[in-house]
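Me: I am new to this structure and would like to learn how to read it. Could you take me through some features, one at a time?

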Amino acid sequence: MGPGTYLDFEKPVVELEAKIRDIREFARGESVELSRELHLLERKLERLRQDTFSNLSRWQRVQLARHPMRPCSQDYIDKMTTGFVPLHGDRAYGDDRALIGGPAMLGDRPIMILGQQKGRTTKEKLANNFGMCHPEGYRKAMRLMILASKFGRPVVILIDTPGAFPGIQAEERGQAEAIARNLREMSILPVPIIVSVVGEGASGGALGIGIGDRLLMLENAWYSVISPEGCAAILWPGEAAANAPRAAEALRVTAEDMSEFGLVDRIVPEPLGGAHRDPNTAASLLHATILECLVELSPQPVDDLLARRRDKYRRVGVFAEDETF
Amino acid sequence: MEWFRKAKAGLSGESKRDIPDGLWTKCGGCGEIIYALELERLFWVCPTCDYHFRIRHSDYIRLLLDEGVIEEYDRGLVAQDPLKFRDKKKYPERIADSQKKTGLADAIVCGVGKIGGRGVSFGVMEFAFIGGSMGSVVGEKVARAIERAMTRQIPLVIVSCSGGARMQEGILSLFQMAKTSLLLAELAEAKIPFISVLTNPTTAGVMASYASLGDVIIAEPKAQLGFAGPRVIKDTIHQELPEGFQSSEFFLEHGFLDRIVRRKDLKSTIISLLSFLCGPKAGVVEKSGHTLPNTVLESAETL
Ligand SMILES: [Zn+2]
């Protein structure tokens, strides 16, 4: 990883890794015997990795979820599936490049796979609006889901968005309506839906493609009603950036938190230090979990599937009864 | 637990509290100083510029439900603090303050009433309770109101007034959008009508869930509607926002609203819509089926 592609708290690990690489190359080139030194350094590195990555704060996980090298939805689609045919457009207004999707094979199963695609290069990020959908993105997603349900294919969804785009055109074209409609229609879509938060799950922008029979979260993904920065801007106006870590703690945004609230079905482990440190392993872990879910869900009669989906969402909420009101 | 309540007589607009003697109120639209009793007769709508003052949930009960009576349900549902959310104030303290201020357990009142003689499952939000925000309690009460409509086979009417999902309950608030929308899918399958009434403001998580899913969606004039807040949009696009952006009129122009309805016409409009959606009801005079007090009607005529 080059400079600028690692986070502050990753720096000691990245530097030690570079040092070991340099020594190994030097030893090879000069035919010097340094195996004892290397062995010691590697043990040190292992300890450092454990210390750095095994007790991540919520804010550190948010940073990992936004890591510039983190695999994007397209990476997961490429690594997990074969024969992906990207389809475009919402058949109404346009094509939202923040939302990619189309049919693919997951093993020997035909699926419809959709995801928010932030993009890797600056050019791609701009074209994809950093993974922030306009209404046509939500409508495109719905169109593809309806296509899948027509032919009885399960839907696999990858969430990775800093939010639905807050802009003039997005409002003009009905951002709220597009999201609301998806929530309603996805809750009765008569095929299995498996949703995975692979990076950022910001608010309605994430939920708008987020209703399903299984909700998976990658270990370092985050999901909340508002971004830590958005929350901090409301609670500590003028000093939002400084308070984002505090907001991340207050909002309880991690996969573990979600699991404690009973909202997440499975947490998908990532390679130590995050998915970007070993994208192939990250993708194969996600692939295996999605496949297990498909095996569980596919034989279920549609009525059972929908009844269980209904119960799952109907139960959500924490409240009490107070007779004094 | 059921509660039969009659909303207190007299509409009590937001700004009345700001005036020491309660006699005169400054219009938020044109700045005119208006006699409060006059405003009360006009449903808290400015006679000069048509500005709709924000009114309380109890005002809408009085305005829309026959005799101003609601058979209230789920009044005692109260919020918990699942996140142990702390900012400047603890979440339970915020709740307690709002409860004291509004007399409500949370930001919505739901129950059953009649509109033009027809039974409806009715919900009305209270902005004074943490900005009308939707946490678990609002989500649950909306869900139960939808279920009540299905069980009793009566139409659903919800008057929204909300800044969106409640931050202090985090992801649980967000998922209330899913819960309410899911039940509206069932309501739609059961062919029970839902009229969504939007008032100032209806935005974010509420707008992006049940408020946008009415069979018919009507709004009061000049309400702030939309998904994202204007400050967030401005900070994102670094542009000034056009005049009237995200107003009811803007939503109507862009095709996301069926109709803008002035406050004095809300009830008669809902009655007319319900006649279409549910079919005419025997024994009910639909034409001028108001049960509003005559004085209110008369003063409304002067608008
Ligand atoms: Zn005025």
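Reply: Let's begin with B:K84, which sits in the loop between β5 (77–79) and α3 (91–102) of chain B. Helices (H or I, at least four residues) and strands (E, at least two) are DSSP runs, numbered from the N terminus. This is a predicted model, in which local features need pLDDT of at least 70 and side-chain atom pairs count only at pLDDT 80 or more, while totals for chains, interfaces and linings use all residues. Residues are numbered from 1 along each chain as its sequence is written, and chains are lettered from A and ligands numbered from 1 in the order in which they are written.

Me: What is the phi of B:K84?

Reply: B:K84 is not a glycine, yet its phi is positive, at about 50°.

Me: Is B:K84 buried or exposed?

Reply: We count C-beta atoms, placed from the backbone: with 20 or more others within 10 Å of its own a residue is buried, with 12 or fewer it is exposed, and in between it is partly exposed. B:K84 has 10 other C-beta atoms within 10 Å, so it is exposed.

Me: Where does B:Q153 lie, and what is its phi?

Reply: B:Q153 is found in the loop between α4 (136–152) and β8 (156–162) of chain B. Its phi is positive too, near 55°, and B:Q153 is a residue other than glycine. With 11 other C-beta atoms within 10 Å, B:Q153 counts as exposed.

Me: Which peptide bond is cis?

Reply: Look at the bond from B:N200 to B:P201, which is cis with omega near -10°. B:P201 belongs to strand β9 (residues 194–203) of chain B.

Me: How many helices and strands does chain B have?

Reply: Chain B has 10 helices and 12 strands. Of its 303 residues, 51% are buried.

Me: At what angle do α14 of chain A and α5 of chain B pack?

Reply: Axes are lines fitted to C-alpha atoms, for helices over the stretch in contact, and angles run from 0 to 180 degrees between N-to-C directions. Helix α14 (residues 302–314) of chain A and helix α5 (residues 170–189) of chain B make an angle of about 135°, and their axes are 8 Å apart. The two helices are therefore oblique to each other (under 35 degrees is roughly parallel, over 145 roughly antiparallel, 65 to 115 roughly perpendicular, and the rest oblique).

Me: Which residues meet there?

Reply: From α14(A) come A:R310, A:Y313 and A:R314, which meet B:A178, B:K179 and B:L182 in α5(B). The residues of this contact divide into 3 nonpolar, no polar and 3 charged.

Me: Which residues of helix α4 of chain A are buried?

Reply: In α4 (residues 73–80) of chain A, the buried residues are A:S73, A:D75, A:Y76, A:I77 and A:M80. They pack against β1 (99–106), β2 (109–116), β3 (155–161), β4 (193–202) and α13 (279–297) of chain A.

Notes
Two residues are in contact if their C-beta atoms, placed from the backbone, lie within 7 Å. Ala, Val, Leu, Ile, Met, Phe, Trp, Tyr, Cys and Pro count as nonpolar, Asp, Glu, Lys and Arg as charged, and the others, Gly among them, as polar.
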